[in-house]
Amino acid sequence: MTAETTRKFNIDTVANAETTPGQSLPWAELGLKENEYQRVEEILGRRPTGAELAMYSVMWSEHCSYKSSKVHLRQFGEKVTDAMKEHLLVGIGENAGVVDIGDGWAVTFKVESHNHPSFVEPYQGAATGVGGIVRDIISMGARPVAVMDPLRFGAIDHPDTARLVHGIVAGIGGYGNSLGLPNIGGEVVFDSVYQGNPLVNALAVGVLRHEDIRLANASGAGNKVVLFGARTGGDGIGGASVLASESFDSSKPSKRPAVQVGDPFAEKVLIECCLELFKASVVEGIQDLGAAGISCATSELASNGDGGMHVELTNVLLRDPSLTPGEILMSESQERMMAVVTPENMAAFEAIMDKWAVEYSWLGEVTDTGRLIIEWDGEKIVDVDPRTVAHEGPVYERPYSRPVWLDGVQADAFTGSAAAGRPADLREAVLELMASPNMCAKDWVTDQYDRYVQGNTALAMPDDAGVVRVDEETGLGVAISTDANGRYSYLDPYEGARLALAEAYRNVATSGAVPLAVTDCLNFGSPEDPEVMWQFAETVRGLADACQELGVPVTGGNVSLYNQTGGVAIHPTPVVGVLGVFDDVARRTPSGWREDGQAIYLLGTTADELDGSEWANLRGHLGGQPPALDLAAEKTLAAILVNCSRDGMIDAAHDLSEGGLAAGLSEMALRFGVGARIGLDEVCERDGIDAFTALFSESQARAVVSVPRSEEVRFNDMCTARNFPTMRIGVVDTENGALDVQGHFTLPLGVLREAHQATLPRHFA
Amino acid sequence: MSIETPLIGGPQPLASDDGSSPLDGVTVGVVTFPGTLDDRDAARAVRLAGGSAVQLWHGDHDLQGVDAVIIPGGFSYGDYLRAGAISRFAPLMEQITAAASGGADALPVLGICNGFQVLTEAHLLPGSMIKNNSLHFLCRDQRLRVENAGTSWTSEYAEGEELVIPLKNQDGQFVADNRTLDELEGEGRVVFRYVDGNPNGSRRDIAGISNAAGNVVGLMPHPEHAVEAGFGPDSSARGAVDVRGGTDGLGIFTSVLKKLVG
């Protein structure tokens with residue numbers, strides 16, 4: 001017997017399943033629970049075939065089905081007002097949300113996680129994280145125009161951290177740089193809670209005209225289904241189910257084979273060829289292949305469209321001819337897309353594929369039968385209602401309970417703790433802060449990313465937000481920032497989520513853009529732990545409430561659960577991305593001052609809020625309550641910053657968050673290497689705090705700006721009219737070459753820069 | 001075959017619409033290979049310098065009558081083999097190689113980054129590029145010195161003038177044997193040199209070179225990313241500039257346009 005007929009002989013067909021009800025299947029190995037397997041049998045009225053089991057197991061995984069998070073995520077839809085929907089063209093549920101930015105332009109953006117694969121295989125895990133989110137953006141009909149990557153690693157000096165930092169940063173650069181996408185922002189955070197579970201989140205932004213929006217649905221019986229891009233191989237099998245939907249456990253075998261392998265060249269060609277397909281209007285519906293591969297693409301396309309599809313699986317072009325039908329359905333090989341094309345457009349489609357030398361194969365066609373039928377050499381191996389695979393998976397109301405330890409943690413405030421003694425020397429304290437792993441310069445990372453390509457980058461790291469131009473003629477553009485603070489969320493997940501949103505919102509406004517929409521990546525431990533589930537529930541509730549209060553809708557995102565090793569979960573880490581719009585990016589505000597004699601103002605007031613702060617972190621303390629949040633004040637501050645940018649009242653602005661005023665002033669001075677003279681006495685007197693608190697507290701709704709002398713009256717009038725507290729705290733000094741905090745210390749910028757720049761190279765170069 | 005995917009947001013058409021310019025009818029071709037990234041950026045630079053850009057497809061056999069050619073940056077064919085090693089076999093490269101050989105009046109050709117790598121693979125320029133000595137991709141604003149202002153692409157600069165131009169690559173370390181390096185130095189064919197620190201280990205701090213006739217120039221830094229105030233580097237070697245206001249690279253593109261109309 002030839003290999004070919006052996007394979008055929010061994011295929012588990014629907015007919016076979018009907019006649020062999022007792023045959024046992026490896027559902028547990030594929031990640032299904034017993035009750036879930038029984039539900040599959042109920043739906044089908046028989047045992048599933050091997051191929052059907054493969055499909056259900058990946059599509060019903062936590063990663064693909066959101067079965068534990070769904071009941072909570074509904075709030076993002078329920079708490080959206082009509083006013084918030086004003087700019088929303090496509091909301092949650094599609095590959096990515098789409099927002100109207102005016103002049104017929106739209107922007108699509110989304111952040112996703114690739115945490116588990118990046119721990120197992122850092123380079124490929126991080127690279128394919130970029131690849132996956134970029135394909136989501138292309139699927140909407142958009143040209144990708146920028147990426148950014150919020151990253152969280154374990155302790156900077158842990159022996160395993162260098163492996164992850166080197167692999168993950170090189171993977172992001174290796175993939176994103178090869179796609180020609182500027183990397184314009186992100187975060188790099190070190191905390192031992194992420195030691196066995198680094199967080200690799202990837203955000204992408206795309207730009208399109210309103211009329212070019214594409215959706216993932218298969219409509220029009222008789223239309224053809226085509227798979228194109230890279231060939232299907234054996235990589236990433238079970239990536240969504242056994243890798244991303246379970247905790248790590250050292251007693252189990254390596255999950256390395258479940259990690260996908262990326263080919264950025266193939267993806268770059270895929271981007272250009274998809275944009276040409278869109279321009280020529282030759283695709284009716286399109287879906288990228290990510291988690292759960294062909295299982296996901298066929299079932300979602302069919303389920304969102306006319307409800308039926310007929311596919312011949314032997315038509316799939318393979319890298320490895322020994323793959324079984326189940327493996328082909330589960331493979332997460334990268335750089336693949338599936339599209340629906342009318343018979344009349346097939347030739348035009350093929351011409352574009354040929355131009356870009358992209359391989360494709362016609363798999364089958366759309367039907368109106370309501371069934372997804374997959375055949376293997378003419379024999380039926382899948383016969384399912386696609387909705388039961390894609391949308392009607394299990395939904396769990398997981399039990400949740402407030403952690404018993406939380407009261408004790410919240411009672412342990414920094415002030416009054418053993419760690420709270422004031423540093424003898426504020427100059428040394430500022431240097432220590434600015435050299436610390438979380439506050440140090442991230443150039444060693446960001447210099448490995450191309451921030452110039454496409455020629456539209458108006459701001460990038462280390463400014464508060466990344467800014468790209470969309471329209472070269474008008475200067476219309478967007479700003480994006482991502483933020484999260486796992487320590488705040490640990491202390492109070494409801495407030496932590498709101499604080500993350502507030503910071504991203506503030507960052508976007510600080511750059512001068514009007515905040516418009518939100519994407520989120522919710523990174524948590526195991527949902528099977530009621531305390532983790534409580535953190536998750538509180539986070540979603542907090543984020544949905546805060547979005548409503550700020551009037552910015554969540555347009556899409558991702559949930560990453562099971563970020564835990566053994567019984568130890570990460571801090572709850574909701575990464576929030578906010579997108580804002582500029583009429584003209586020429587108005588963007590950089591984060592550093594340059595002009596001698598400009599007045600430096602502190603907007604907002606400062607209280608003794610050191611709990612969960614970077615300073616407390618440096619002293620090894622984590623307890624108390626996160627800083628108080630006043631979203632009305634955040635809105636006013638944002639309005640002031642946006643108006644100042646539009647009317648040319650400020651030359652520089654920087655929001656105050658982690659590291660407080662000490663970090664803000666240091667970063668503003670280092671941005672262009674220009675010093676300043678600062679006086680804190682009046683602030684201390686007004687707010688009833690000491691100089692240490694003024695410098696290190698992380699009170700919210702604050703920003704520092706530099707104001708040209710000619711604009712001071714107008715600036716003050718505007719703040720007064722809005723009843724927002726502001727105080728002149730100093731002046732830009734191009735001569736002194738130092739950050740001079742009068743009465744306390746003078747810190748030469750050379751010394752500050754060296755401390756700030758040396759940390760990452762010392763650990764990783 | 002034309003390239004049907006415009007940079008979203010780009011003015012259409014790409015050509016300059018100034019009817020009375022002496023540059024009328026003068027066109028600079030920008031080549032796109034699969035995996036080319038900075039083609040639209042190079043076309044924009046030509047436009048900002050006052051010229052008209054024509055997009056050229058690697059698989060064509062026709063230079064469309066262009067007066068000069070830019071081979072832009074990127075990762076053509078993924079650079080999985082050796083940067084530029086596959087692209088040099090593209091049909092269009094035969095036309096370019098033929099037109100660029102033949103003395104000072106031959107077709108001006110500029111290779112930027114991956115384009116420089118393609119030109120060395122095509123033997124239009126000597127030497128080769130290997131991985132940066134840091135072994136990392138490096139993106140930074142780099143200071144250069146113009147060593148030869150006599151080429152088709154550098155006449156707008158003064159010899160010894162310094163520029164700040166973004167550098168961004170993985171395989172940017174220029175290498176050649178000593179005899180070749182001596183020859184390049186002796187013939188004044190070192191066009192750009194890194195100053196304030198060698199970023200990648202390039203021999204003799206070489207950032208860019210030319211052929212003997214001076215019509216073919218290759219360099220690793222990206223002048224097309226220092227042509228438009230607001231979207232360039234934060235500094236200039238020519239004095240203080242606004243945020244991302246560096247435009248020191250524009251002279252490369254005006255040099256060739258001046259040569260073409262002069």
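1. Buried area is the accessible area (1.4 Å probe) that two parts lose on being put together, summed over both. For chain B and chain A that comes to about 3800 Å², with 57% given by carbon and sulfur atoms. Before you read on: this is a predicted model, where local features need pLDDT of at least 70 and side-chain atom pairs count only at pLDDT 80 or more, while totals for chains, interfaces and linings use all residues. Residues are numbered from 1 along each chain as its sequence is written, chains are lettered from A and ligands numbered from 1 in the order in which they are written, and side-chain values use heavy atoms, leaving out hydrogens and water.

2. Who touches whom? Taking contact as heavy atoms within 4.5 Å, 43 residues of chain B meet 45 residues of chain A.

3. Now for charges at this interface. The rule finds eight salt bridges between chain B and chain A (a side-chain nitrogen of Lys or Arg within 4 Å of a carboxyl oxygen of Asp or Glu). Take Arg40(B) and Glu272(A), whose closest N and O atoms are 3.0 Å apart. On the chain B side, α1 (39-48), β6 (138-146) and β7 (162-169) each supply at least two residues that touch chain A; helices (H or I, at least four residues) and strands (E, at least two) are DSSP runs, numbered from the N terminus. By class, that side has 19 nonpolar, 11 polar and 13 charged residues (Ala, Val, Leu, Ile, Met, Phe, Trp, Tyr, Cys and Pro count as nonpolar, Asp, Glu, Lys and Arg as charged, and the others, Gly among them, as polar).

4. Over all chains, the structure holds 60 salt bridges. One pairs Arg498(A) with Glu549(A), again with a closest N to O distance of 3.0 Å. These two sit in distant parts of the chain, 51 residues apart: Arg498(A) in helix α21 (residues 493-510) and Glu549(A) in helix α22 (residues 530-550).

5. Most residues other than glycine have a negative phi, and most peptide bonds are trans. Yet the bond from Met461(A) to Pro462(A) is cis, with omega near 5°, and Pro462(A) lies in the loop between β14 (457-459) and β15 (466-469) of chain A. Asp103(A), not a glycine, has a positive phi of about 55°; find Asp103(A) in the loop between β2 (97-102) and β3 (105-113) of chain A.
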